[in-house]
Every structure is written in structure tokens, then in C-alpha cells.
Amino acid sequence: MKKLAGLFAASLVAVAVTGCNDKESKTDAANNAQAQASEEKVVNLYTWTEYVPDGLLDEFTKETGIKVNVSSLESNETMYAKVKLQGAGDDGYDVIAPSNYFVSKMAREGMLKELDHSKLPVIAELDPDWLNKPYDKGNKYSLPQLLGAPGIAYNVKTYKGADFTSWGDLWKPEFAGKVQLLDDAREVFNIALVKLGLNPNTTKPEEIKAAYEELLKLRPNVLSFNSDNPANSFISGEVELGQLWNGSVRIAKKEAPGTIDMVFPKEGPVLWVDTLAIPANAKHPEAAHKLINYLLSEKVAEKLTLEIGYPTSNVKAKAKLPAEITNDPAIYPTAEVLQKSHWQDDVGEAVELYEKYYQELKAAK
């Protein structure tokens, strides 16, 4: 009772003081609430250029009042470095699009925020076969958006699909100065590793070096490295042969019908899934969840795949897609291709060796 009496006396003093400042406190609370509401009126998206076609985000802003600032993602390595430098006080990225093999790496290093599944009802629309994969068990940090499969693209007026049955065909002398490669260390090393019969996810220095030496033999054939809208060089006619993603083939076929096609070599492609995730230090997490839910929704997923061709994780959206997309083996890999495919995975600290050799390769003549 003595303790309660003391607390009661103290509360009388507190009430007196609070009464004097009550109006000021309410004003401060209102200002704080207003500031928080204002803070959530913007969300910063860092994703691949092709993934935000004109008008895709208009309805999101109209529905939520949240403005989306979009930054163009050129490679997973660049994205990783930028997010690594992002501090808690920075108005940096809120939603990013790491490929599956970078999700596991970034999560392990504490760079990703755990997703609140209660704020992501769209999960119910996603293909179960795309969920709960080893790179992110339980989809704790990411949700899958699009499936990527690189192959050998070619101008149908110059070449035939039968000309390319192996990744090794790109090494042929007659293609000197004609080949475009994707500007991505892992994508480029993948083709050399599978050509040599090695694991594309190897972490063995001697095997990575062997792939580098093999790529040096390819270097005279390489005209350019391009991962930022790589279909554009095919559309313009600047390039007629090279490594390209399945979604990029869709863009080229749409913009320049009857010009381009793609085949998957006998060694199989090295597949990846681009995801949506939230950096650990994201400043607008509420808006980030809303944007992820929107981007993966049926209507938006259908529109995005129609525009850029990458297979979507949303099963309802896939059911609405035209056969010209879902039945095109260059865009939606066949079961046979998928069976012999490899999955790109995190290689840990070995990625630094890949990147070192890759920069040396690009600098070589």
C-alpha cells in the first residue's frame, strides 16, 4: 500500500505538469504522425530497366498516393555494393530486385529486412514451385518475380538455329568481333564453365582460372558486354549474335518481328530467378511492402510479362498470357531444357575471384 500511495502522489504531480503541456504534446504527436505519413508517400525502387515499362507504376501511385522513384539496376554486383554502403540515415533504396543467388548472400550478411507476410497477400497467387527454395527457405527475405534463362540469340536473316548447338559455337573464328555477351561476371563465366564440363557454381580457384583462360580465347570474338536493355543492340542491327536472356528475346521479337530468335545449347542454360526484397536499412518499409504486393499482383504481372516476356511467378497471370509467349520455347523453356538446366547459386567469397578475372577479361584485347 505504501508503494501505491507513493505512486498516487507522484501521479498527481504528473497530471499537473502534463495538464500544462497537454496541448503542446498533442501538437507534437500530430506533427510526428504527419511526418511519418509524409515519409511513406515515397518509395525508392532499384530494379532492372526492362522491369518498369512505361505506365506500369501509374496505378500504384493513383491507388496509394505513393510516388515511386526508380533507379536502373545494371548488375547484381553493382546493386550489392550500393546497398552495402546504404546507411540507416540514407534515403536509399526501399525495394531491390536481387537474383536468387544474391538473396542468400545478402541475407547471410544482414543486408535484407525480414518480410511481413501478413502485408503480402499476393503470396497466395504465386506458384508454389517457385517458393521455399534453398536460397531463401520460407521466403523470409524475398519473393520470386521472374525466371531468367540465357541462351544464344541470333539474327534469323543471317543465321539459323541449327548453327548453334553448344555454347562452344561462340568460340568459332568466323564470329570474330561479332558476339555480344551479357555484362555480368557470373553469366559470362557460366558459359565457359559448362563448356568445360565444370560446375557453374564452382568455388575452386583452379576451375575459375581455367574458365578465365577459356574466355580469353573467346575475347577476340566479343564485340560488346551489355546487360542494360541488351535486346536494343539486336533491334538496331548493331549486333546479330550473342548471349541474351529469354525476356530480352521477347522484347526484340516485339519491337522487330521476324528478326531474332534464340536457342538453348545442349549443355543447358544456367537459370536464375529475379526476386523482390527490402534492404535492412530501408527508410520506407510500409510503402515497400505495398509496392512488392503490387508488382507481383495478377494484373501487373500479366502486363509485365506481356511487355518483356520473362515467365512470371503469378499463376493467375500466366493463365491469361497468350500462347505466343507461353508456347515460345525461346521465352518459356521447354520441360526438356529445364531438365538439363543448371541453377545459379551463391559462391560465397569466390565471387570476388570471379569479378577480378571478369574485369581482366573486359580489359583484355
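Author: Gladly! Let's begin with the largest cavity, which has a volume of about 80 Å³. Its lining has 13 residues, and W48, Y51, W245, W272 and D274 are the closest to its centre. Please keep in mind that this is a predicted model.

Reader: What makes this space a cavity, while the space of about 500 Å³ is called a pocket?

Author: The way out decides. A cavity is a set of points where a 1.4 Å probe fits but cannot get out, whereas a pocket is an open set. The largest pocket, with about 500 Å³ of space, is of the open kind. Among the 22 residues that line the pocket, D129, W130, L147, V273 and W343 are the closest to its centre. Strand 10 and helix 11 (315-320) are the elements that give two or more residues to that lining.

Reader: How many cavities of 30 Å³ or more does the structure hold?

Author: The structure holds five of them.

Reader: What classes of residue make up the two linings?

Author: The lining of the largest cavity divides into six nonpolar, three polar and four charged residues. For the largest pocket, the classes are 12 nonpolar, five polar and five charged.

Reader: Why is strand 10 called largely enclosed?

Author: Eight of the eight residues of strand 10 (residues 270-277) are buried, so the rest of the structure largely encloses this strand. Each of those residues is under the cut-off of 20% relative accessible area. In a regular strand, side chains alternate between the two faces of the sheet. On one side of strand 10, V270, W272, D274 and L276 are buried, and on the other L271, V273, T275 and A277 are buried too.

Reader: How do you know that strand 10 pairs with strand 4 and with strand 11?

Author: By counting bridges, where at least two are needed for a pair. Strand 4 (residues 142-148) and strand 10 have six bridges and pair in the antiparallel sense. Here L143 has L276 as its bridge partner. Strand 10 and strand 11 (residues 342-343) are joined by two bridges and run parallel, with H342 as the partner of V270. Both pairs therefore meet the cut-off.

Reader: What makes strand 5 a "mostly covered" strand, and which strands does it pair with?

Author: Six of the six residues of strand 5 (residues 150-155) are buried. Five bridges join strand 5 to strand 8 (residues 241-245) in an antiparallel arrangement, and Y154 has L241 as its partner there. Strand 9 (residues 260-263) also pairs with strand 5 in the antiparallel sense, over four bridges, and I152 stands opposite V263.

Reader: Why is S227 called buried, and where is it found?

Author: S227 has a relative accessible area of 3%, and buried means under 20%, so the word applies. This residue is found in the loop between strand 7 (222-225) and helix 7 (231-236).

Methods
Residues numbered from 1 in each chain as written. Predicted model: local features only at pLDDT ≥ 70, side-chain atom pairs only at ≥ 80, totals over all residues. Heavy atoms only, no water. Buried < 20%, exposed > 50% of the residue type's maximum accessible area, 1.4 Å probe, protein only. 1 Å grid on protein atoms, 1.4 Å probe; cavity = no way out; pocket = protein on both sides within 12 Å on 5 of 7 lines; lining within 4 Å. Points joined across faces, edges and corners; volume = space filled by probe spheres on them. Nonpolar A, V, L, I, M, F, W, Y, C, P; charged D, E, K, R; others polar.
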